[in-house]
Amino acid sequence: QMVCLRELASHHTVRALETARIRLNDYETRQKQLLAGSTDAVAHAQEGILCDANPAFATLLGYDNPDDLVGVPLMDIVSTDFQTRVKEHLKLLNKGKAGGEALECGFIHQDGMAASANTEFRRNSVNGEIQIEILVRATVSHSGGSSVSGRSMFLESLSAALKNAQTPQKQMQAAMFISVDDYPGVE
């Protein structure tokens, strides 16, 4: 009886583990699709080397394929005028003394030209290893495009507009946000 109970418990554990693996794989796939379709430029670096970049980040630097950036040292894409500032910011970030505030950073375009942008550096832990996320928010309109920050930017703009709206005190205010799944198919 004890052997049967042990085997049954083992079977339930294996089944739960397989379900967790499927959910994790689904989550990772959705995250990659979200980053790939984002209008925000996003890249990840581990130990100073770029390990991942989305198409928007590759376009920001003039590359056609984001995979061309994998393995490139982070400081190789940062303009020499900004390297000291970025290194100091990364040191503070690793010590936990800097948050996700934007930092003016210059990047070297593939053709050698420099372009500056407000960049956020964030420290994450992935599989127990420290990873730096580099985020350059898109400055273009988010209508029609998917963005990691599109929803939060929309909500911030909406809150500001509602606070500044001039309405009589007893008049109610409302806003509705509708997102239709598979809009082209429905259309």
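Modeller: Gln46 stands opposite Ile49 in β2. The model is predicted, so local features need pLDDT of at least 70 and side-chain atom pairs count only at pLDDT 80 or more, while totals for chains, interfaces and linings use all residues. Residues are numbered from 1 along each chain as its sequence is written, and side-chain values use heavy atoms, with hydrogens and water left out.

Gln46 belongs to β1, which covers residues 41-46. Strands are DSSP runs of E with at least two residues, helices are runs of H or I with at least four, and both are numbered from the N terminus. β1 and β2 (residues 49-53) run antiparallel and are joined by 4 bridges; two strands pair if DSSP finds at least two bridges between them. The hairpin of β1 and β2 has 2 residues between the strands, and Glu47 there takes a positive phi near 55 degrees.

β1 is also joined to β5 (residues 129-136), again antiparallel, by 5 bridges. Val42 has Leu135 of β5 as its bridge partner.

As for cover, 5 of the 6 residues of β1 are buried, meaning under 20% relative accessible area with a 1.4 Å probe, counting protein chains only. Of the 187 residues of the chain, 27% count as buried.

The chain has 6 helices and 5 strands, in the order α-β-β-α-α-α-β-β-β-α-α from the N terminus. Among contacts (heavy atoms within 4.5 Å) between residues at least 6 apart in sequence, 41% join residues at least 24 apart.

Definitions and conventions. Buried < 20%, exposed > 50% of the residue type's maximum accessible area, 1.4 Å probe, protein only.
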